[in-house]
Amino acid sequence: MRRASTLLTEPFVADEYIERLAWRTPGGGSRGGAEAFDPKRLLEEFVNHIQELQVMDERIQRKVEKLEQHCQKEAKEFAKKVQELQKSNQVAFQHFQELDEHISYVATKVCHLGDQLEGVNTPRQRAVEAQKLMKYFNEFLDGELKSDVFTNSEKIKEAADIIQKLHLIAQELPFDRFSEVKSKIASKYHDLELQLIQEFTNAQRRGEISRMREVAAVLLHFKGYSHCVDVYIKQCQEGAYLRIDIFEDTANLCQRVNKQVGDIFSSPETVLAKLIQNIFEIKLQSYVKDQLEEHRKSDAEQYLKNLYELYTRTTNLSSKLMEFNLGTDKQTFLSKLIKSIFISYLENYIEVEIGYLKSRSSMILQRYYDSKNHQKRSISTGGIQDLKERIRQRTNLSLGPSIDTHGETFLSQDVVVNLLQETKQAFERCHRLSDPSDLPKNAFRIFSMLVEFLCIEHIDYALETGLAGIPSPDSKSANLYFLDVVHQANTIFHLFDKQFNDHLMPLISSSPKLSECLQKKKDIIEQMEMKLDVGIDRTLNCMIGQMKHILTAEQKKTDFKPEDENSVVIQYTNACVKVCGYVRKQVEKIRNSMDGKNVDTVLMELGVRFHRLIYEHLQQYSYSCMGGMLAICDVAEYRKCAKDFKIPLVLQLFDTLHALCNLLVVAPDNLKQVCSGEQLANLDKNILHSFVQLRADYRSARLARHFS
């Protein structure tokens, strides 16, 4: 039974409990091995334990039944108690309703009685007050003020209330009969008003907020209340502007007054608004005028910088003041104050901006050309120039003297950065200072200045000068600097485009000026790209001219038809070496000067012209067997050079040319088979025939019969 009782104190797990029981039973566990195991003893222990558990179950069951009976008894008693409480609650609620009705009845009677008393008392009070006013009026009428309220300075509040009422009454009296008394009342009215304002001033100096509030409340009904507000505003500003930063001082002053003004005046938002108006119209307006008028006519750059900074700081101050209660439409109120200060400067802002930008840009360019000791040429325009340009594009003729630029591109990133920086600042000022309705128009004018000085006066001039500096294809000069112009122009175009997107687009994105700006940008870029294309085309012609000059000077007829066939060393000719060296340098220069697809386009054009030059050059000679082998070696070297282009078409052209050169050395009997090979099968028969005609044995071997 003791072991079974542990079921009530420990968490019960059946498997563990049986294991523990078997382990405790002698001969029932694994101790002692298989020989010590006694199943009968274990069975006996299990039977005895089951009996103990049954007894224990019966005892617990009896206890559960007893507890259930006890719960049922308590539930019945609790239900009975709840019913009794509900009855008591109903009785109390009825008593409460009766009491509420009685209270309402009494309250109605009291209100009625109060109304009757008030109806009797109000006329009586008015009569008493009228009697007092008549008494005080008689004192003014007699010309002698005897009442304590007028002679005692501590009762100034009561005196103010009385004199204010007498002043209103005096306004209704006829002037001819009561002129003297009206004058005396008015005089006393003004004296008290001045005393109250002086008292308010003294209290403000002492920092007595409660006294200021009392005096302001009395003055509220006087005509001089606005003067009281003026005095408060004036004294608030005394000692508030001790630092150089007037905007920070203004913000701190308004912050301090905002905390205080509600404890003094009944309409604090009006007083605070009047303070801000006073500061803007006097302090700020005077400060802005001093800062701007100093440079308005003498220094446009400093004037624009000051105008931008002052306007920005004023609008930032306005944003801080928006946190305060200034009445219903504080946004309009503050906007009008700002406009009143800056309107005379903003009306002609864009004219000053354009004038400064024009002179500044012109100075930047002139300073650059002066540093190069260069006198800028005038680029002629009109019908004759347009005609020359069209002829030059179609014929690639120079149409004018070539100018030696001594390797100078006349493009400067420093100049470009300075122009873009000036324009960027102009866009920022334009965004801040322009009226929203004029913003797109003003931004377009600034953009037009950028186009004029950066694109036309600088880039376009450099392109025209570069074009004029390109030598003719027949020239022996190899100084081709136009690719440097191309490289720098590409860089400048990227900077120009970035500023267009970053600084101009946000200003015009939602206006009709957007399409106008995009079209202007497109036109100027197309115009410059056209000149770049012409310059690149002429530069390529010059490169081909240099190669032709090398071939003419270095290639000899005996290279391909030597007098002594046995003395020929099969390698490649000197002309081939020099041409390939020149071509590799030009390919590298093109890669360094251009980017993107432009590199492949230009290299493909150069490769095609290079192939045509070599093709036509080879057809000028007659080839012996050893000469043909040497030509094949030359073309193999040209093909290796063509691989540097990394253009499939160019490599394919030289592969075909190499196959054509094989016709110069192939045995006559195999000629037809070679012509029908993979690389030559698609070529025109006349081309194949023309190459075979270059063989020295063309007539003797009767090779023409293969093409008849």
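Visitor: How many disulfides does the structure hold?
Guide: This is a predicted model, in which local features need pLDDT of at least 70 and side-chain atom pairs count only at pLDDT 80 or more, while totals for chains, interfaces and linings use all residues. Residues are numbered from 1 along each chain as its sequence is written, and side-chain values use heavy atoms, with hydrogens and water left out. With a disulfide taken as a pair of cysteine sulfur atoms within 2.5 Å, the number that the structure holds is zero.

Visitor: Which residue has the closest cysteine sulfur to that of C641?
Guide: C641 has a relative accessible area of 0% and is therefore buried (buried means under 20% relative accessible area, exposed over 50%, partly exposed in between, with a 1.4 Å probe and protein chains only). The closest cysteine sulfur to that of C641 is 4.5 Å away, too far for a bond, and it is found in C580.

Visitor: What percentage of the residues of the chain count as buried?
Guide: The secondary structure consists of 24 helices and zero strands (DSSP runs numbered from the N terminus, helices being H or I of at least four residues and strands E of at least two). One cysteine, C542, counts as buried because its relative accessibility is 3%. Over the 708 residues of the chain, the buried share is 39%.

Visitor: Is helix 13 roughly parallel or antiparallel to helix 16?
Guide: The axes of helix 13 (residues 349-371) and helix 16 (residues 439-468) come within 10 Å and cross at roughly 15° (axes are lines fitted to C-alpha atoms, for helices over the stretch in contact, with angles from 0 to 180 degrees between N-to-C directions). Angles under 35 degrees count as roughly parallel, over 145 as roughly antiparallel, 65 to 115 as roughly perpendicular and the rest as oblique. The orientation of helix 13 to helix 16 is therefore roughly parallel.

Visitor: How many charged residues does the contact of helix 13 with helix 16 have?
Guide: Helix 13 contributes I350, E351, E353, I354, L357, K358, S361, S362, L365, Y368 and Y369, and helix 16 contributes N442, R445, I446, M449, F453, E457, H458 and Y461; contact means heavy atoms within 4.5 Å. Ala, Val, Leu, Ile, Met, Phe, Trp, Tyr, Cys and Pro count as nonpolar, Asp, Glu, Lys and Arg as charged, and the others, Gly among them, as polar. By class, this contact has 10 nonpolar and four polar residues, and its charged residues number five.

Visitor: How many polar residues are in the contact of helix 17 with helix 19?
Guide: Helix 17 (residues 482-508) and helix 19 (residues 574-593) have axes 8 Å apart at an angle of about 20°, and are therefore roughly parallel. L483, D484, V486, H487 and N490 of helix 17 meet K589, I590, N592 and S593 of helix 19. Three of these residues are nonpolar and two charged, and the polar count is four.

Visitor: What distance separates the C-alpha atoms of V231 and T201?
Guide: V231 belongs to helix 8 (residues 225-237), and T201 lies in helix 6 (residues 175-206). V231 is buried at 13% relative accessible area, and T201 is buried at 7%. Leaving aside neighbours within four places in sequence, V231 is in contact with I197, T201 and Q204. V231 and T201 are 30 residues apart along the chain, and their C-alpha atoms are separated by 7.0 Å.

Visitor: How far apart in space are Q571 and A631, C-alpha to C-alpha?
Guide: Q571 is in the loop between helix 18 (513-554) and helix 19, and is partly exposed at 44% relative accessible area. Not counting residues up to four places away in sequence, Q571 touches L630 and C633. Q571 and A631 are 60 residues apart in sequence, and their C-alpha separation is 9.3 Å.

Visitor: What is the phi of F410?
Guide: Most residues other than glycine have a negative phi. F410 is in the loop between helix 14 (383-395) and helix 15 (413-433), and counts as buried at 6% relative accessibility. Although F410 is not a glycine, its phi is positive, at about 60°.
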